[in-house]
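Welcome, and thanks for taking a look at this one. Here is a short briefing to read alongside the sequence and the coordinates.

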Amino acid sequence: LGFILRICSFALSQLTVRLVDPVSLGRASIRLELLLNTSLFLAREGFRIALTNGDSKRNISTSSNKDARNSHSSDKSSVSNSTTIQISNIAWLSVPVGVIFSCIALILHLMSCDRMGTQQSDFDYKVAGCLFCLAALVESLAEPLVILFGMREMDVNTRAAAEGTGAVAKALTTCVLLQDKSRAFFFIHNFAEQYTVTVFGAAQVVYAVVVCLTWYSRKWSFIKWPSSGSNICQASQSRIE
């Protein structure tokens with residue numbers, strides 16, 4: 001499924017290249033993609049490294065082995081539950097951090113929007129940048145699930161389905177907005193002709209929404225929501241007792 005979705009996304013992307021002028025494509029795929037990727041990298045890469053490295057898993061397994069030799073099964077269960085709560089809480093911190101970095105990226109984008117052409121093209125670029133920052137914010141909402149399920153539990157199928165479906169939806173949205181000339185989408189087509197870069201921003205938002213919805217729809221019943229500190233204290237106290 002993931003391979004088929006990637007092939008469809010590649011074909012639609014090649015069609016997109018033929019429908020847009022190089023200047024608009026360069027502004028969308030270089031400057032705004034760099035803004036998006038930088039915001040996402042700074043917001044989530046630290047959490048991914050901290051929660052998926054081998055040392056944390058090794059420490060967890062070592063503590064479990066010690067408890068197996070020196071404690072009862074209830075003690076082992078409390079230690080495992082406490083560790084799971086802590087990891088889940090840290091993973092969910094990526095959401096507010098992602099929101100903060102998205103807002104910072106938005107502010108920097110608005111401050112750096114200098115005049116690069118006509119007033120219409122400058123407005124087009126400014127709106128597209130706002131949409132890219134919105135896409136980064138929406139995509140960060142799914143980051144806890146990506147960490148907990150996609151990376152720690154190696155749920156490759158869900159991750160491939162989310163990213164593949166999102167890529168196809170993004171490319172399809174771009175092609176429809178740029179190519180459609182029917183009367184049903186007359187106003188959309190006129191808008192796309194005048195604000196080409198904004199089309200890429202809207203397509204990026206569609207990608208983020210599809211990825212987020214795919215993760216939550218598939219993992220809703222398995223989500224480990226953030227827990228208060230009292231649950232961790234109770235687990236620690238039960239271990240001591």
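Is alanine 161 buried or exposed? Alanine 161 is buried, with a relative accessible area of 6%. Please keep in mind that this is a predicted model. The chain has 11 helices and 0 strands, and buried residues make up 40% of its 241 residues.

**Overall layout**

- Of the contacts between residues at least 6 apart in sequence, 85% join residues at least 24 apart.

**Alanine 161 and its helix**

- Helix α8 is where alanine 161 lies, and α8 spans residues 156-179.
- Between alanine 161 and threonine 214 there are 7.7 Å in space, C-alpha to C-alpha, although the two are 53 residues apart in sequence.

**Helices α6 and α10**

- Helix α6 covers residues 119-140 and helix α10 covers residues 196-219; their axes come within 8 Å and cross at roughly 10 degrees.
- That angle makes α6 roughly parallel to α10, because angles under 35 degrees count as roughly parallel.
- On the α6 side, the contact is made by Asp124, Val127, Ala128, Leu131, Phe132, Leu134, Ala135, Val138 and Glu139.
- On the α10 side, the residues in contact include Thr196, Val197, Phe200, Ala202, Val205, Tyr207, Ala208 and Cys212.
- By class, this contact of α6 with α10 has 15 nonpolar, 4 polar and 2 charged residues.
- As background for reading such a contact, an α-helix has 3.6 residues a turn, so residues three or four places apart point the same way.

- In helix α7 (143-151), 9 of the 9 residues are buried, so α7 is largely enclosed by the rest of the structure.
- The buried residues of α7 are Glu143, Pro144, Leu145, Val146, Ile147, Leu148, Phe149, Gly150 and Met151.
- Alanine 142 has its place in the loop between α6 and α7 and is buried, with a relative accessible area of 1%.
- Leaving aside neighbours within four places in sequence, alanine 142 is in contact with Cys212, Trp215 and Tyr216.
- Alanine 142 and tryptophan 92 are 50 residues apart in sequence, and their C-alpha atoms are 9.4 Å apart in space.
- Methionine 154 is found in the loop between α7 and α8 and is exposed, with a relative accessible area of 56%.
- The phi angle of methionine 154 is near 55 degrees, which is a positive value in a residue other than glycine.

**Serine 102 in helix α5**

- Serine 102 lies in helix α5, residues 94-111.
- With a relative accessible area of 3%, serine 102 is buried.
- Setting aside neighbours within four places in sequence, serine 102 is in contact with Ser39, Cys133, Ala136 and Leu137.

**The cavity**

- How many cavities of 30 Å³ or more does a search of the whole structure find? The search finds 1.
- The volume of the largest cavity is about 40 Å³.
- Leu40, Ala43, Arg44, Ser94, Ser140 and Glu143 line the largest cavity.
- Helix α2 (residues 22-52) supplies the largest share of this lining, with 3 residues.
- Sorted by class, the lining of the largest cavity has 2 nonpolar, 2 polar and 2 charged residues.

**The second largest pocket**

- The second largest pocket holds about 240 Å³ of space.
- Its lining counts 17 residues, and Leu40, Arg44, Glu139, Glu163 and Tyr207 lie nearest the centre of the pocket.
- Helices α2, α7, α8 and α10 each supply at least two residues of the lining of the second largest pocket.
- Which helix gives the most to the lining of the second largest pocket? That is α2, with 6 residues.
- By class, the lining of the second largest pocket divides into 7 nonpolar, 2 polar and 8 charged residues.

Key. Residues are numbered from 1 along each chain as its sequence is written. This is a predicted model: local features need pLDDT of at least 70, side-chain atom pairs count only at pLDDT 80 or more; totals for chains, interfaces and linings use all residues. Side-chain values use heavy atoms; hydrogens and water are left out. Axes are lines fitted to C-alpha atoms, for helices over the stretch in contact, and angles run from 0 to 180 degrees between N-to-C directions. Helices (H or I, at least four residues) and strands (E, at least two) are DSSP runs, numbered from the N terminus. Angles under 35 degrees count as roughly parallel, over 145 as roughly antiparallel, 65 to 115 as roughly perpendicular and the rest as oblique. Contact means heavy atoms within 4.5 Å. Ala, Val, Leu, Ile, Met, Phe, Trp, Tyr, Cys and Pro count as nonpolar, Asp, Glu, Lys and Arg as charged, and the others, Gly among them, as polar. On a 1 Å grid over the protein atoms alone, a cavity is a set of points where a 1.4 Å probe fits but cannot get out, and a pocket is an open set with protein on both sides within 12 Å along at least five of seven lines; lining residues have an atom within 4 Å of a point. Grid points are joined across faces, edges and corners, and a volume is the space filled by probe spheres set on the points. Buried means under 20% relative accessible area, exposed over 50%, partly exposed in between (1.4 Å probe, protein chains only).
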